[in-house]
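Dear colleague,

I am handing over the structure that I have been reading through, and my notes follow below it. Please keep the model open beside the text, and look up each place as you come to it.

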Amino acid sequence: RVCVHKGISAGADTSWDGPSSPKDIGPAASAFPGIQFLVYHSGYELRAGDKTEGPYTEETAREGVNRLITSLKQAGIGPGSNVYGELGSTWYQIMAHPLEAAHVMGKLLKFLGEDNILWGTDSIFYGPSQPLVDTFRAFQIPEEYSQRYGYPQLTPTAKAKILGLNAARIYGMDPAKLRAKTRNDSLAWVKAALKEYTAKGTPTHR
């Protein structure tokens, strides 16, 4: 299992040949089919002015997330392969820009598949991740984009996979067993207290 940073170049060269380009993912994944490649950020680059992620085209094939897609296409790698796109920082950057988010998620769903997208937040930089989770749960890809670009819909099943089930599968974890194990762990009382506090509502101070 190889976890590799591709994208979010932080001011470095963001081109096809840049240091964080995912152009080498396709050839590596093709040469080593027994290795799982977890691509952090999925090749996404930070927004620069009005430049945003759009549909995959020949003109933009070597930019942003499209670099990862191009690398996979050239290596003959399709959805459900040994390559996984991760959303750490990526979702944080695009969630306030729904049309760009639709293109990024739509392309990942189309070219990697719903079983090969992994949740990530980089919350160490951005704070609590719950707002990101809530936004993702509510997000929908416009039907127009599905018809025009062939993007699969981001269904509840796909969201559940992306938010954790895919990672659980990769790392050999059983979600049901984990839930049972943590139900009475050392943080159980905190969860119970929070649930009770939430049920009562936020108190009004005068």
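**A glutamate in a loop**

E53 is found in the loop between β2 and α2, where helices (H or I, at least four residues) and strands (E, at least two) are DSSP runs, numbered from the N terminus. Before going further, please note that this is a predicted model, in which local features need pLDDT of at least 70 and side-chain atom pairs count only at pLDDT 80 or more, while totals for chains, interfaces and linings use all residues. Residues are numbered from 1 along each chain as its sequence is written, and side-chain values use heavy atoms, with hydrogens and water left out.

E53 has a relative accessible area of 9% and is therefore buried; buried means under 20% relative accessible area, exposed over 50%, and partly exposed in between, with a 1.4 Å probe and protein chains only. Its side chain reaches the backbone nitrogen of V65 at 2.7 Å. Leaving aside residues up to four places away in sequence, E53 touches Y44, G64, V65, N66, E100, H103, V104 and K107, where contact means heavy atoms within 4.5 Å.

H103 has its place in helix α4, and it counts as buried because its relative accessibility is 6%. Apart from residues up to four places away in sequence, H103 touches E53, G54, P55, Y145, Y149 and Y151. With one of these, Y151, the side chain of H103 makes a polar contact, side chain to side chain, at 2.8 Å. A polar contact is a pair of N or O atoms within 3.5 Å; within protein, one must be able to donate a hydrogen and the other to accept it, and residues adjacent in sequence count only if both atoms are side-chain atoms.

**The helix after the loop**

Why can α2 be called largely enclosed by the rest of the structure? The reason is that nine of the 11 residues of α2 are buried; they are G64, V65, N66, R67, L68, I69, T70, S71 and L72. These buried residues pack against α1 (25-31), β2, β3 (83-86) and α4. Just after α2, G76 takes a positive phi of about 75°.

**The sheet**

Four strands form an open sheet in the order β1-β2-β3-β4, with parallel pairing, and two strands pair if DSSP finds at least two bridges between them. The edge strands, each pairing on one side only, are β1 (2-5) and β4 (117-118). Between β1 and β2 (residues 37-40) there are four bridges in the parallel sense, and H5 stands opposite Y40 in β2.

**Two residues with positive phi**

H41 lies in the loop between β2 and α2, and its phi is near 75°, a positive value in a residue other than glycine. H41 counts as buried, because its relative accessibility is 5%. S89, in the loop between β3 and α3 (90-94), has a positive phi of about 70° although it is not a glycine; with 4% relative accessibility, S89 counts as buried.

**The pockets**

On a 1 Å grid over the protein atoms alone, a pocket is an open set of points where a 1.4 Å probe fits, with protein on both sides within 12 Å along at least five of seven lines, and its lining residues have an atom within 4 Å of a point. Grid points are joined across faces, edges and corners, and a volume is the space filled by probe spheres set on the points.

The largest pocket has a volume of about 390 Å³. Of the 20 residues that line it, the closest to its centre are E45, L46, K51, E63 and G64. Both α2 (64-74) and α4 (98-111) supply at least two residues of this lining, which divides into five nonpolar, eight polar and seven charged residues. In this division Ala, Val, Leu, Ile, Met, Phe, Trp, Tyr, Cys and Pro count as nonpolar, Asp, Glu, Lys and Arg as charged, and the others, Gly among them, as polar.

The second largest pocket has a volume of about 170 Å³, and α8 (156-170) and α9 (175-182) are the elements that give two or more residues to its lining. The largest share, four residues, comes from α8. By class, the lining of the second largest pocket has seven nonpolar, one polar and one charged residues.

With kind regards
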